[in-house]
Amino acid sequence: MEFIEKVRLMDAAAMQRALARMASEIVERNRGVNNLVIAGIRRRGVPLAERIADAIEKLEGARPQLGVLDITLYRDDLSLVAPKPVINATAMPDDLASMTVVIVDDVLYTGRTIRAALDALFDLGRPRRVQLAVLIDRGHREVPIHADFVGERIPTKATEIVKVMVSDIDGAEQVLIVEPASAPASEPAS
């Protein structure tokens, strides 16, 4: 499927500024990095979590623990994803009971991905507190989920797609709004 770029929301510098601001807010709300885990949702949430952890380390001189959540088996649309979905590793600290876990994802849309991440997280243990950080909140919730830390809130149409690109995965750093290219109009029958 081809897409038409409608708007470039962020370039690499704007993404970095948003992540640095979010890191500062996370540190302020949690009064430092003690018992703090920054957990990225696979795929693009992981490099964003690493960048937030880097920014926190610059601010505090100490790095929070990192975690990785693979939510593949927790998705409510698993049968639509692929006939044989690829399952990757989840890596979290062993004892979550005293931890504040900040789940990181690229885009908050319906809330279903975050619901799946919460299920995956609570199967590993019961953290003291869970918070959510997203680079883009585009609205259109289907479940009652909200983000505690947001890079940018962008109102979108349901037909639009917010495409977060990170160099680790996509070879570029930017956030775009794209729409599927319209199929060419068929010619009238003669």
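**A tour from the annotated motif to helix α1**

Begin by selecting residues 101-113, which an unreviewed UniProt entry annotates as "short sequence motif: PRPP-binding". The model on display is predicted. Across residues 101-113, the end C-alpha atoms are 16 Å apart, and the span is 62% strand and 15% helix.

Next, select helix α4, residues 112-124. Its 13 residues, at 1.5 Å a residue, should span 18 Å, and the 19 Å between its end C-alpha atoms agrees with that expectation. Now colour I114, A116, A117, A120 and L121, the buried residues of α4. Viewed down the axis of α4, these residues fall within an arc of 155 degrees, so they line one face of the helix.

What covers the buried residues of α4? Display the strands β2 (36-41), β3 (65-69), β4 (100-108) and β5 (129-137), which are included in that cover. Then step past the end of the helix to G125, which follows α4 and has a positive phi, near 155 degrees.

For the last stop, move to helix α1, residues 12-30, and select A23 within it. Is A23 buried or exposed? A23 has a relative accessible area of 0%, and because buried means under 20%, the residue counts as buried. Show its neighbours as well: leaving aside residues up to four places away in sequence, A23 touches I52, A55, I56 and L59. Finally, draw a C-alpha to C-alpha distance from A23 to E57: the two residues are 34 apart in sequence and 9.2 Å apart in space.

Methods: Residues numbered from 1 in each chain as written. Predicted model: local features only at pLDDT ≥ 70, side-chain atom pairs only at ≥ 80, totals over all residues. Heavy atoms only, no water. Helix = DSSP H or I, 4+ residues; strand = E, 2+ residues; numbered from the N terminus. Buried < 20%, exposed > 50% of the residue type's maximum accessible area, 1.4 Å probe, protein only. Contact = heavy atoms within 4.5 Å. UniProt positions renumbered as here; feature names shortened; annotations may be inferred. Expected span 1.5 Å × (residues − 1). Arc of directions from axis to C-beta.
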